[in-house]
Amino acid sequence: MAVCEGELAAPVSIDIPASSAEMVRLEGVSFAYNSCYVLENVNLVVTAGEFLALIGANGSAKTTLMKIMVGLLKPRAGRVELLGQDIRSFRAWHRIGYISQNAGHINTSFPATVAEVVASGYYHGWRGMFAARARQRAVQGALELVGIPDLAGRLVGELSGGQRQKVFLARALVSRPSALFLDEPTTGIDPSAREEFYRLLEQLNRQEGLTIIIITHDFQAALARAQKIGCVRDRNVYIHTNLSEVDQDHLAEVLGYQIGASHVRL
Amino acid sequence: MSVFSFAFMQRAFLAGVITAVLAAAMGVFIVLRRMSVVGDSLAHASLAGVAAGMLLGFYPFYGALIFVAGAALLIEFIRGAFQRYAEVALAVVMSGGMALAVVMISLGKAFNADLFSYLFGSLVAVSPTDVRVIATAGIVIITSLALLHRELFAITFDEEAAYLSGIPVRAVNIYFTLLTALTVALAVRVVGTLLVAALMVIPPAVSLQFARSFKATFVIAIGVALTSVITGLYISFIFDLAPGGTIVLIAAAILVAVILVKGAVHSWI
């Protein structure tokens, strides 16, 4: 049986103690493209410092779910909170970082240096206009954090896929966010660069306490590091709080289905 | 020396230099946002405004400005409706603007010659009023770019990421559209409707051939535009040529030369 298909299951409600800081809260969120519901009554809470990996088949609405979390898509029904604030009145954008699925497909002839691209993530409204030095420091810090300070003056179009991904990571981190949202960030990157990228994420999560929510197909690399796995299927998301407690057959089934699915797609 | 002894040439150089800087600076964003054809469509729409001004007896620049701004907003609106076929919006606005211009020209047959100067530019016919308007608008555009260049860069590079860094993308885009309209309306006076796009597109195109940063892209584009306008005006004065056409031909020659040199250098190394 395909894991990510089947009839609509009862929504899972997660009770989180009020003391822990919430990064994301979805309550009864539903979303439809035209009249086709891809998410129904989703409840999800991500607390500060978590590393959540979202997995699921192609077309299981993982990206849609993430875009709802950061406010790029408005749900048909339900409530979305980001960092404890209703998404509709959320303004603390510098506290979240996001790398979209298409980040790798930039126009390679765009005449911008790595430093210029990273600086574009540093936005503090009108006040930012007079913060040239603070911006410069933030850019330098972000480049050092991801380990590419020597690339600052290079054109982004000339970099390898792995290097470019670090540039986007630096841009997402330049405002020192509390939560990082990554949508399949390692697509098209060679395995060693991928492993390095995940090590970096793990380090940021452990040492800086950065909350990480990542959509990924790199099961081994991501699942080994994530504290929570969210399986997006049946128009909902099922959270497994502890990897060792996850039913191994179930996990194998998800992995097997995933690998099978990608073979079909290719 | 002899060139600047004429007041009309002083005005021409002043208007030309300001327009060159504006067109090139705006052009960098326009080209990188893949909106090169937008300038062309807007320039055609401006002709209807110029014709309306002449027909109804008000300063043609204001007519051009109103029509171009309207056309620009219309393009944004139609783009929203036909996201996948944005060219549809451009074709509609371009042909609609030209059609309106032709009808108004046929209504007021007397101003054909004057209108000709808007089609191909008439830098040497720039009036003191034109210079004042161009300078004022130039200050507005340069100030706006100075204040908004970070936002514009972020949006041009990655609109989604720009939105998530807190930039009011929609408001900035609308403002940018209006700035584009203003630049086109100004440039129409200098190089004419048919050549506006060239002045906005060729200098950034040259700059994209070898700029090593976004900042350098700006500086090079402005340098190319200034070189074209100044040498173009000078040559057109000496050989009694049409200034608009001469300016654009020089810009085009620079582009061709840069591409050839770049190709030669690449094959040589």
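Okay, one term before we start: two residues are in contact if their C-beta atoms, placed from the backbone, lie within 7 Å. This is a predicted model, where local features need pLDDT of at least 70 and side-chain atom pairs count only at pLDDT 80 or more, while totals for chains, interfaces and linings use all residues. Residues are numbered from 1 along each chain as its sequence is written, and chains are lettered from A and ligands numbered from 1 in the order in which they are written.

So, how do the chains meet? On chain A, 21 residues are in contact with 18 residues of chain B. Strand 6 (96-99) and helix 2 (114-119) of chain A each give two or more residues to that side; helices (H or I, at least four residues) and strands (E, at least two) are DSSP runs, numbered from the N terminus.

Now the sheet in chain A. It's open, with 6 strands in the order 6-7-8-3-9-10 and mixed pairing; strands pair if DSSP finds at least two bridges between them. Strands 6 and 10 (236-240) of chain A sit at the edges with a single partner strand each, so one side of each has no neighbour in the sheet. Strand 3 (51-55) and strand 9 (228-233) of chain A pair in the parallel sense over 4 bridges, and A:Ala53 has A:Ile229 as its bridge partner in strand 9 of chain A.

Over to chain B. The axes of helix 2 (36-56) and helix 4 (86-107) of chain B come within 8 Å and cross at roughly 20 degrees. Axes are lines fitted to C-alpha atoms, for helices over the stretch in contact, and angles run from 0 to 180 degrees between N-to-C directions. Helix 2 and helix 4 of chain B are therefore roughly parallel, and the cut-offs are under 35 degrees for roughly parallel, over 145 for roughly antiparallel, 65 to 115 for roughly perpendicular and oblique for the rest.
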